[in-house]
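The following note concerns the salt bridges of the structure shown here. It is set out as numbered points for the file.

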Amino acid sequence: QVQLVESGGGLVQAGGSLRLSCAASGSNFGINAMGWYRQAPGKQRELVADIMQSGRTDYADSVKGRFTISRDSAKNTVYLQMNSLKPEDTAVYYCNAHLWSSVFGPKEYWGQGTQVTVSS
């Protein structure tokens, strides 16, 4: 059974930084893509950034130049470095992974979510 374990959320002042981590635990799977979504109160969940197996990255326009997604393939872990945080970045951040396995085929997983709060 695969699980996504997130860490790194918290409270920070505007202009500050946070780093989120998400590790995919389990065995016998490959990773097609991993990324981060966020959902603010009263809003739809939106893509923040993702990274493909090829290494290609995509970012929401609102975070370009401030957030950086990276990965450690050996640890099946993806990171989101968030700099110059703004109050509008406040949301629950969810890790997302598109995995594949000879056992379960292609499958999408979600983390439990981690709160990021940016005070003004």
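**Note on the salt bridges**

1. Asp 89 and Arg 38 form a salt bridge, with 3.0 Å between the closest N and O atoms. Asp 89 lies in the loop between strand E8 (77-82) and strand E9 (91-100) and Arg 38 in strand E4 (residues 30-39), so this pair ties together parts that are 51 residues apart in sequence. A salt bridge here is a side-chain nitrogen of Lys or Arg within 4 Å of a carboxyl oxygen of Asp or Glu; strands are DSSP runs of at least two residues, numbered from the N terminus.

2. The model is predicted: local features need pLDDT of at least 70, side-chain atom pairs count only at pLDDT 80 or more, and totals for chains, interfaces and linings use all residues. Residues are numbered from 1 along each chain as its sequence is written, and side-chain values use heavy atoms, with hydrogens and water left out.

3. Both partners of the first pair are classed by relative accessible area (buried is under 20%, exposed over 50%, partly exposed in between; 1.4 Å probe, protein chains only). Asp 89 is buried at 1%, and Arg 38 is buried at 7%.

4. Asp 89 also forms a salt bridge with Arg 66, the closest N and O atoms being 2.7 Å apart. Arg 66 lies in the loop between strand E6 (57-59) and strand E7 (67-72), so its pairing with Asp 89 ties together parts that are 23 residues apart in sequence. Arg 66 is buried, at 10% relative accessibility. Through shared partners, salt bridges join Arg 38, Glu 46, Arg 66 and Asp 89 into one network.

5. Asp 58 and Arg 56 meet in a salt bridge at 2.8 Å, N to O. Asp 58 is partly exposed, with 28% relative accessibility.

6. The count comes to five salt bridges.

Note on methods
Helices (H or I, at least four residues) and strands (E, at least two) are DSSP runs, numbered from the N terminus.
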